[in-house]
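Student: Could we go through this structure together? I would like to begin with the charged side chains.
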Amino acid sequence: MEPIFAILVGALFTVAIYLFLSKHVIRVLMGAAILGNAVNLLIFTAGRVTREVPPIIPGDADALTSAAANPLPQALILTAIVISFSFFAFLLVLGYRAFQELETDNSDDMRVAEPEGDKAPPVGY
């Protein structure tokens with residue numbers, strides 16, 4: 001099962017990087033969301049997916065008696081899902097607001113902060 005997840009993680013990273021290279025803001029935002037999911041799946045896969053034994057130590061033992069899934073990556077992923085969702089929601093609002101102000105989602109047309117007729121800033125002091 002882990003090799004399948006490794007291939008899926010590679011595919012998700014590839015799609016995310018491809019979307020990041022786009023000139024349209026909404027594609028860049030979708031790339032950020034896919035990248036977050038790829039990282040979460042990578043961490044989840046690193047925590048041994050195939051173990052079906054819960055990581056619970058019996059009362060009469062000092063350590064686990066058999067191999068078990070690692071609970072730390074699962075806890076990290078739960079936190080990362082909440083953070084990536086809130087970050088994606090913020091980016092969506094930011095992109096929508098930029099679209100309202102500039103009436104375009106093309107990043108080349110959003111260069112209003114760089115006027116063409118302005119002189120260059122000073123090179124040194």
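Student: Is K23 buried, partly exposed or exposed?

Tutor: This is a predicted model, and in it K23 is partly exposed, with a relative accessible area of 46%.

Student: Which side chain does K23 meet in a salt bridge?

Tutor: The partner of K23 is D108, and the N to O distance in this salt bridge is 2.9 Å. As a general point, side chains of opposite charge can pair when their charged atoms come close.

Student: Where do D108 and K23 lie in the chain?

Tutor: D108 belongs to the segment after helix 3, whereas K23 sits in the loop between helix 1 (2-20) and helix 2. The two residues are 85 residues apart, and the pair links distant parts of the chain.

Student: How many salt bridges does the structure hold?

Tutor: It holds two. Besides the pair of D108 and K23, the side chains of E101 and R97 meet in a salt bridge, at 3.1 Å from N to O.

Student: How far apart are E101 and R97 in helix 3?

Tutor: They are four residues apart in helix 3, so about one helical turn separates them. E101 counts as exposed at 54% relative accessibility, while R97 is partly exposed, with a relative accessible area of 46%.

Student: New topic: how do helix 2 and helix 3 lie relative to each other?

Tutor: Two packed helices are described by the angle between their axes and the distance between the axes. Here the axes of helix 2 and helix 3 (residues 71-102) come within 9 Å and cross at roughly 175°. That angle makes helix 2 roughly antiparallel to helix 3, because angles over 145 degrees count as roughly antiparallel.

Student: Which residues meet there?

Tutor: Helix 2 contributes residues including V25, I26, L29 and M30. Among the residues they and their neighbours meet in helix 3 are P73, I77, F88 and L92.

Student: What do I26, M30 and L92 form on the surface?

Tutor: I26, M30 and L92 form a nonpolar patch there, with about 230 Å² of accessible area together. I26 itself is located in helix 2 (residues 25-46). I26 is partly exposed, with a relative accessible area of 42%, so it passes the limit of over 30% that is required of patch residues.

Student: How far is E103 from L19, going by C-alpha atoms?

Tutor: Their C-alpha atoms are separated by 21 Å, and the two residues are 84 residues apart along the chain. P3 and F87 are also 84 residues apart along the chain, and their C-alpha atoms are separated by 30 Å.

Student: Where is P3, and is it buried or exposed?

Tutor: P3 is in helix 1, and it is exposed, with a relative accessible area of 57%.

Technical notes:
Residues numbered from 1 in each chain as written. Predicted model: local features only at pLDDT ≥ 70, side-chain atom pairs only at ≥ 80, totals over all residues. Heavy atoms only, no water. Patch = residues over 30% accessible without salt bridge, like charges linked within 9 Å, V, L, I, M, F, W, Y side chains within 5 Å. Areas by Shrake-Rupley, 256 points an atom, 1.4 Å probe, with all protein chains shown as cover. Salt bridge = Lys/Arg side-chain N within 4 Å of Asp/Glu carboxyl O. Buried < 20%, exposed > 50% of the residue type's maximum accessible area, 1.4 Å probe, protein only. Axes fitted to C-alpha atoms, helices over the stretch in contact; angles between N-to-C directions. Parallel < 35°, antiparallel > 145°, perpendicular 65-115°, else oblique. Contact = heavy atoms within 4.5 Å.
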